[in-house]
Amino acid sequence: MEETIQTPDSQPVRAQVPPTDSPDQWVERYGDLLFRVAQARVADRAIAEDLVQDAFLAAWKSRASFDGRSQRSTWLIAILKRKVADHFRKAGRQPEAIGSFEDDRDSVFDERGVWREPIGKLSLPLDGQLEQQEFWQIMETCVSQLPPTLGQAFSLRELQSASSSQASSRLGITRKNLAVRIHRARLLLRRCLENRWLGQREPHG
Amino acid sequence: MNSPDLRLILYCQCQQASLLASESLDRKLSLSERIAVILHHGICTHCRRFAKQLRQLHKLIASAPAALRYSLAERLDALSPVAKKRIAQAMRDSAN
């Protein structure tokens with residue numbers, strides 16, 4: 001089984017480490033960083049994952065040509081950004097402007113600003129331990145399906161208890177932008193919960 | 001006293017009211033904003049229900065143990081272990 005074949009080289013490393021050279025070490029060391037960079041630029045997590053994979057493959061192929069003059073992380077991020085640019089060129093689209101939410105919001109409200117779909121019951125609050133576990137599994141699915149820009153805002157404020165100013169400066173946006181993102185995240189989450197959570201129980205709220 | 005924002009109050013529809021309901025969870029609304037929401041809720045059951053559900057959801061998340069919230073945040077922010085294995089394997093498989 002793959003898990004049991006672990007050479008010392010492929011242990012996850014946290015502390016100081018000599019210049020590396022195994023795929024497991026690279027991925028463990030830089031994977032999350034590259035993923036965050038990709039997520040901030042593309043519309044969904046699956047695409048972000050693919051682009052991170054493309055970047056690692058390209059970097060691995062040309063690792064001999066890495067001259068070591070910059071940080072490896074800087075080099076990897078540069079490769080990733082090229083892959084992101086390629087992705088948008090192939091898709092024939094402009095990169096998503098951060099803050100351009102108009103089209104999605106129009107799918108929730110009509111031209112008069114009224115809900116397109118009715119607001120149904122949601123069956124909160126929860127009743128007991130089992131309901132809580134099930135609910136949180138569904139929450140995790142729904143939050144992970146949010147477009148990354150919305151998911152990150154929601155995560156900072158609601159999951160990590162960051163203040164508005166902390167969250168907005170971390171994301172590099174204004175507090176108003178942050179409020180709009182959180183609002184959109186809540187709209188989408190509510191819809192996802194309505195679909196999945198309700199499927200399992202009788203609405204009573 | 002600031003003059004009330006009459007345009008906000010008179011022309012507040014679901015799109016605006018739902019945004020204000022969301023913002024009310026995170027900051028104090030102005031007097032005009034509160035009036036706009038109250039008046040709109042008076043005529044719109046959807047928005048009334050939406051605001052109530054938002055409050056319930058917000059409270060549910062806020063009262064969850066920190067460990068649960070933070071571990072969810074961490075999983076969202078990172079490449080999944082499955083993805084990491086797949087990528088490392090693809091690197092090993094790539095002709096080099």
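I take a salt bridge to be a side-chain nitrogen of Lys or Arg within 4 Å of a carboxyl oxygen of Asp or Glu. I note that this is a predicted model, in which local features need pLDDT of at least 70 and side-chain atom pairs count only at pLDDT 80 or more, while totals for chains, interfaces and linings use all residues. Residues are numbered from 1 along each chain as its sequence is written, chains are lettered from A in the order in which they are written, and side-chain values use heavy atoms, with hydrogens and water left out.

Entry 1, the interface. I looked up the contacts (heavy atoms within 4.5 Å) and found 57 residues of chain A touching 45 residues of chain B. The buried area, meaning the accessible area (1.4 Å probe) that two parts lose on being put together, summed over both, is about 5000 Å² between chain A and chain B, with 59% of it from carbon and sulfur atoms.

Entry 2, Lys84(B) and Asp32(A). I see these side chains meet in a salt bridge at 3.2 Å, N to O. Lys84(B) lies in helix 6 (residues 81–93) of chain B and Asp32(A) in helix 1 of chain A, so the pair joins two chains; I read helices as DSSP runs (H or I, at least four residues), numbered from the N terminus. For accessibility I call a residue buried under 20% relative accessible area, exposed over 50% and partly exposed in between (1.4 Å probe, protein chains only). Lys84(B), at 12%, is buried, and Asp32(A), at 22%, is partly exposed.

I find a salt bridge here with the closest N and O atoms 2.5 Å apart. Glu158(A) sits in helix 6 of chain A and Arg186(A) in helix 8 of chain A, so the pair ties together parts that are 28 residues apart in sequence. Both Glu158(A) and Arg186(A) are buried. I also looked up Asp26(B), whose side chain meets that of Arg186(A) in a salt bridge of 3.2 Å, N to O.

Lys176(A) is partly exposed at 47%, while Glu23(B) is buried at 6%. Finally, I traced salt bridges with shared partners, which join Arg157(A), Glu158(A), Arg186(A) and Asp26(B) into one network.
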